[in-house]
Every structure is written in C-alpha cells, then in structure tokens.
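Thanks for coming, everyone. I would like to walk you through one model this morning, going from the overall picture down to a few side chains.

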Amino acid sequence: IEAFDHYKQHKHLRHRFSVLVLELSHPHSPSEYQAVILAFINYLIASCENIDKRLELRSSFNALQLSEILSAICDLQNTPEYLLQQIRIYQEKQENDEEQMKMPGGVDLNSHEDVFRAVLEKFFTTEHSASLLSVLHKLLLVERDSGNTEHIFSALNRFMDTALAISEPGQADRVAQVSIERLKKSLEQEETRKIESDERRPISDEKRTIENTIEDTESTSP
C-alpha cells in the first residue's frame with residue numbers, strides 16, 4: 001500500500017489505486033492479466049485483519065467504479081472461468097464484511113447518504129447538534145483537489161480513532177494536540193518529497209532546446 005501511496009505522489013494522481021483499476025478496465029487487457037490484477041486486489045484487501053480497514057480499502061476501489069467494471073466484465077460473452085472466480089471472490093468477501101458491519105435500521109455503511117442520515121438523526125435533537133454542524137462547516141472549507149486534502153482526511157481518521165478511545169474528558173485536549181502535530185509533520189514531509197522530486201526531475205526538452213540555443217549563441221558571439 002505504501003508503494004501505491006508513493007506512486008500516487010510521484011505521478012500526482014488523485015487516487016492511489018487508479019493505475020490498477022485502469023489496467024483492469026482497459027479493453028485490450030488480456031483476461032489473464034485482468035485475473036492477476038483482481039487476484040492482487042483481493043489479496044490486498046484480505047491481508048487486512050481489521051474489518052474497518054478492509055471496508056476502507058474496498059471503498060477506495062469502489063470509488064473508482066470497480067464494482068461497475070466487474071459487473072460489465074461478467075456481462076461479456078466468453079469471460080473465462082478463472083476471471084469470473086476472482087470476481088466472485090471480490091463480491092462475496094464484500095457481502096460478508098457488509099453483513100458483519102450491518103447496523104440496526106438497515107444502514108448501508110458503503111452509502112455516504114445512509115451513514116450521514118443516520119448520524120444526523122442520532123445527534124440532531126441533542127446538545128451535540130451544534131458541534132456536528134460546526135464539523136460540517138469545516139469540511140466545506142476543504143478543497144477537493146488540494147494537495148493537502150489527503151493529509152487532512154488522514155489526520156481526521158487518526159484523530160477519530162484516538163478520540164473514540166477517550167475515557168476521561170481531560171484526554172481530549174491532548175489527543176487534539178497530538179493530531180495537529182502529526183498533520184504538521186505529514187505536511188512538512190510531503191513538501192520535502194516534492195522538493196526532492198523536483199530536483200531529480202529531468203530537464204524538459206523545451207528547456208534543453210532553450211539552453212542549447214543560448215550555448216550556441218554564446219559560442220558564435222565574437
């Protein structure tokens with residue numbers, strides 16, 4: 001997973017797994033190649049013992065329309081059995097995880113609307129309603145395509161994981177401070193990687209042409 005994170009940053013991609021889904025969905029990809037890619041995706045998800053992590057990874061793939069792509073492959077004629085088997089594994093494992101995480105009231109944890117509606121109904125008439133609205137206001141300030149967006153959501157996830165383990169009111173301030181420090185460190189590391197990447201980036205052909213022209217001009221000058 002770290003390799004895909006690094007590739008995403010190096011290539012300035014929006015989604016870290018987009019290269020896998022693009023290769024899988026390419027019309028000229030051989031079925032053997034597609035089966036290998038999907039087997040790798042299945043292994044990647046299954047390697048996570050934590051069900052929340054599996055749901056998170058699968059959600060990342062489904063955001064790239066992987067479920068729709070797999071359904072389209074199933075609808076094709078002469079789809080080989082070894083590829084269909086990998087598709088069934090993906091779908092069955094997803095159904096099993098969703099069944100384990102099924103909540104009262106039939107909330108679909110893969111549906112943003114269902115989860116948001118459940119959270120809103122849970123806190124709307126309580127004293128926490130204003131705090132929930134404040135959190136939503138702050139999320140509206142997050143830019144969709146900003147380079148910092150991934151770090152912001154990563155910090156929010158880590159903060160919530162830690163915050164849910166709070167047992168005493170006094171621990172909240174310490175948790176918030178640690179999360180802020182982690183976010184700052186993450187942003188500093190990202191900036192350092194960008195600088196190092198720019199320094200290693202080869203000179204473009206256009207820049208080489210300009211430099212060669214300058215050198216030629218200087219060499220022919222009296």
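Let me begin with the surface: the accessible surface of the protein comes to about 16,400 Å², and 55% of that belongs to carbon and sulfur atoms, with areas taken from the Shrake-Rupley method and a 1.4 Å probe, where for residues only the protein chains shown count as cover. Please keep in mind that this is a predicted model, in which local features need pLDDT of at least 70 and side-chain atom pairs count only at pLDDT 80 or more, while totals for chains, interfaces and linings use all residues. Residues are numbered from 1 along each chain as its sequence is written, and side-chain values use heavy atoms, with hydrogens and water left out.

The secondary structure comes to 11 helices and 0 strands, these being DSSP runs numbered from the N terminus, of at least four residues for helices (H or I) and at least two for strands (E). Of the 222 residues in the protein, 23% are buried, meaning under 20% relative accessible area, as against over 50% for exposed and in between for partly exposed. Among contacts with a separation of 6 or more, 51% are between residues 24 or more positions apart, a contact being heavy atoms within 4.5 Å.

Now to one pair of helices. α3 and α4 pack at an angle of about 150°, with their axes 9 Å apart, the axes being lines fitted to C-alpha atoms over the stretch in contact, and the angles running from 0 to 180 degrees between N-to-C directions. That makes α3 roughly antiparallel to α4, a label for angles over 145 degrees. Across this packing, Ile41, Leu44 and Ile45 in α3 meet Arg54, Leu57, Arg58 and Phe61 in α4.

The rings of Phe17 and Phe61 have their centres 4.4 Å apart and their planes at 15°, so the pair is stacked, the word for planes under 30 degrees apart. The pair links distant parts of the chain, with Phe17 in the loop between α1 and α2 and Phe61 in helix α4, 44 residues apart, and both phenylalanines are buried.

Finally, where does serine 29 lie? Serine 29 sits in the loop between α2 (18-25) and α3 (31-46), and is buried, with a relative accessible area of 11%. A polar atom of its side chain lies 2.6 Å from the backbone oxygen of glutamate 23. Not counting residues up to four places away in sequence, serine 29 touches Glu23 and Gln34.

Conventions
Buried means under 20% relative accessible area, exposed over 50%, partly exposed in between (1.4 Å probe, protein chains only). A polar contact is a pair of N or O atoms within 3.5 Å; within protein, one must be able to donate a hydrogen and the other to accept it, and residues adjacent in sequence count only if both atoms are side-chain atoms. Rings of Phe, Tyr and Trp (its six-membered ring) pair if their centres lie within 6.5 Å; planes under 30 degrees apart count as stacked, over 60 as edge-to-face and the rest as tilted. Angles under 35 degrees count as roughly parallel, over 145 as roughly antiparallel, 65 to 115 as roughly perpendicular and the rest as oblique.
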